[in-house]
Structures are given as structure tokens and as C-alpha cells.
Amino acid sequence: HGVAHGYELAGDDSAWWTPAGMLTATVLREEGQTQVLERRLVPGVVSTGTVAVWYRVEYAFGYDLAAPAFKVRASPGGIELQVHRPALVAAPAVTRLRYKVLSPGMFTDEKAATLAMYEQAAERARRQGEAMASDPAVLALCEKQLVGFLRNFLQQQPGVKVVPQISIVYL
């Protein structure tokens, strides 16, 4: 066994490379929500207003790279990585919160509605991130990160001249 750049090289044939940490891919998205506010003053009289909230969300997706959820095997075409699909690995970071009152209403509380929308942004971002984990674009980004990382790791090893094709197979 030896350690190189924080990664342990193990001697068995089932998993010869065991990462000591988590590899993640980050996705930044601008999100937004619009809410129509209604307040009934008396029967038949309704006051409406509209508020829009925008914010940036940073999503972190990653693979479980601990054995047995991660295996590296030789394949006829090169190297095969066997992993579970990537998942959201941290609570999404919601930043740059901003709002605009699109249409004020009489007796509607746009500021209270905006504060409530700000408070709900983290939960909306978490649900959105869980759904995004299976999005083909997110899968492609995560695969590119993982393959690139393994390729760079292998290229730094003594005696390695050529790194073969690396493919990903989901367990």
C-alpha cells in the first residue's frame, strides 16, 4: 500500500484505488419565484399585489467514492469506474437574494410575503437540487469531473506513460 496525493492505493483486485475524500461538481443557477397576494377586505372587495424574488443557488453534486460503492476495474476498452449515480451532497447555498414589487396592492403586505419567500428559498433549492441530480446535463458534468480527476491522478503516478479510455458504469 502507498499513499499518493491523499489517495490510497490498495493491493486487492476489486478496488485498487480508494479516495480519501469527496469529489464534487458545482452547478450555479439563477432561480426565481413570483407570488400573487390577495387580501379580501369585505365580501366582494379583493386587493391584489404581486412580488417577485430572485436568487442564486450553488448546488454541489458528488459520487460516493467509498468502497463498496466505488470500484475501478480493467475493461477491454480501458478502465471502468463503477459508481452509484451522483447525488446532492450538501445543502444548496442560496445567495444574492433580491426582490421587486411588481404590482402593489392596497392592504397587501408585500414585505412580509417577500420575507416568507426568502425563508422558503432554501427548501425550494433543496427539492430542485434533488431533482437535478438525475438531469442528463448534471450527470454529464459529474462524469466529466470524475473522469478528468482520475485521469490526472493516474498521469501523476510514477511509470505511467498513457492513461487508457475511462468509462463510467452506474451500479
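Does Arg-126 count as buried, partly exposed or exposed, and what is its relative accessibility? At 29% relative accessibility, Arg-126 counts as partly exposed. This is a predicted model. The chain has 171 residues, and 35% of them count as buried.**Overall fold**
- The secondary structure comes to two helices and 10 strands.
- Along the sequence, the pattern reads β-β-β-β-β-β-β-β-β-α-α-β.
- Among contacts with a separation of 6 or more, 71% join residues 24 or more positions apart.
- The accessible surface is about 10,100 Å². Carbon and sulfur atoms account for 55% of that surface.

- Side chains of opposite charge can pair when their charged atoms come close.
- The whole structure holds seven salt bridges.
- Arg-126 and Glu-130 form one of them, at 2.6 Å from N to O. Both lie in helix α1, four residues apart, about one turn of the helix.
- Glu-130 is partly exposed, with a relative accessible area of 47%.
- Salt bridges with shared partners join Glu-123, Arg-126, Arg-127 and Glu-130 into one network.
- Arg-127 and Glu-123 meet at 3.5 Å, N to O. Arg-127 is partly exposed at 45% relative accessibility, and Glu-123 is partly exposed at 34%.

**Another salt bridge**
- Arg-29 and Glu-31 pair at 3.3 Å, N to O.
- Arg-29 is partly exposed at 31%, whereas Glu-31 counts as buried at 15%.

**Glu-110, a buried charge**
- Glu-110 is found in helix α1, which covers residues 110-132.
- Glu-110 is buried yet has no salt bridge. The nearest side chain of opposite charge, Lys-111, is 8.5 Å away.
- The Glu-110 side chain reaches the backbone nitrogen of Gly-105 at 2.9 Å.
- Glu-110 also touches other residues, including Leu-37, Val-51 and Pro-104.

Terms used
Residues are numbered from 1 along each chain as its sequence is written. This is a predicted model: local features need pLDDT of at least 70, side-chain atom pairs count only at pLDDT 80 or more; totals for chains, interfaces and linings use all residues. Side-chain values use heavy atoms; hydrogens and water are left out. Buried means under 20% relative accessible area, exposed over 50%, partly exposed in between (1.4 Å probe, protein chains only). Lys and Arg count as positive and Asp and Glu as negative; His and the chain ends are not counted. A salt bridge is a side-chain nitrogen of Lys or Arg within 4 Å of a carboxyl oxygen of Asp or Glu. A polar contact is a pair of N or O atoms within 3.5 Å; within protein, one must be able to donate a hydrogen and the other to accept it, and residues adjacent in sequence count only if both atoms are side-chain atoms. Contact means heavy atoms within 4.5 Å. Accessible areas come from the Shrake-Rupley method with a 1.4 Å probe; for residues, only the protein chains shown count as cover. Lists of a residue's contacts leave out its neighbours within four places in sequence.
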